[in-house]
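This report walks through a single protein model, from its overall fold down to individual residues. Please look at the sequence and the structure first, and then read on with both at hand.

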Amino acid sequence: LVDRKLRGKNVLVVEDVPENQLLLETILRNHGMSVSLASNGKEGFDRALNENFDVVLMDVQMPIMDGYTAVQNLRNQNYEKPIIAMTA
């Protein structure tokens, strides 16, 4: 049941640790989702605004721009899609 709801969704994973990126990408792809990666909040902010994602998974602590700032900036740009915060 869960797979049917998630299959085909386009997800942006914003995470700076390569091992965490690989883990999340593997899990999400195994559930039929399309996964794109960003390595910091600035890259995630830019990709979220310029590409079509169903949901953004946003790490909280990252270099260049942290997740809090990236989410605040997205909301200030009227980004209304779901953003899920992640932290270790």
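## Terms and ground rules

Helices (H or I, at least four residues) and strands (E, at least two) are DSSP runs, numbered from the N terminus. The model is a predicted one, in which local features need pLDDT of at least 70 and side-chain atom pairs count only at pLDDT 80 or more, while totals for chains, interfaces and linings use all residues. Residues are numbered from 1 along each chain as its sequence is written, and side-chain values use heavy atoms, with hydrogens and water left out.

## The overall fold

The protein has four helices and four strands, and along the sequence they follow the pattern α-β-α-β-α-β-α-β. Its C-alpha atoms fill a box of roughly 35 × 30 × 20 Å, taken along the principal axes. For 88 residues a compact globule would have a radius of gyration near 12 Å, and the 12 Å of the protein agrees with this; the radius is taken over C-alpha atoms, and the globule rule is 2.2 Å times the number of residues to the power 0.38.

Of the 88 residues, 35% count as buried, where buried means under 20% relative accessible area, exposed over 50%, and partly exposed in between (1.4 Å probe, protein chains only). The accessible surface comes to about 5300 Å², of which 52% belongs to carbon and sulfur atoms; such areas come from the Shrake-Rupley method with a 1.4 Å probe, and for residues only the protein chains shown count as cover. Among contacts (heavy atoms within 4.5 Å) between residues at least 6 apart in sequence, 66% join residues at least 24 apart.

Helix α2 (residues 18–30) has 13 residues and reaches 18 Å from its first C-alpha to its last, close to the 18 Å expected, a span defined as 1.5 Å times one less than the number of residues. Just after α2, Gly-32 takes a positive phi of about 85°.

Gln-21 lies in helix α2 and is buried, with a relative accessible area of 11%. Leaving aside neighbours within four places in sequence, Gln-21 is in contact with Glu-15, Leu-37, Ala-38 and Ser-39. Glu-25, which also lies in helix α2, touches Val-35 and Leu-37, again not counting residues up to four places away.

## Residues in the loops

Which residues does Lys-81 touch, not counting those up to four places away in sequence? They are Asn-52, Phe-53, Asp-54 and Arg-75. Lys-81 lies in the loop between α4 (67–76) and β4 (83–86) and, at 30% relative accessibility, counts as partly exposed. The C-alpha atoms of Lys-81 and Val-56 are separated by 7.9 Å, although these residues are 25 apart along the chain.

Asn-78 is found in the loop between α4 and β4, where it is exposed, with a relative accessible area of 60%, and its phi is near 65°, a positive value in a residue other than glycine. Ile-64, in the loop between β3 (55–59) and α4, has a positive phi near 70° and is exposed at 71% relative accessible area.
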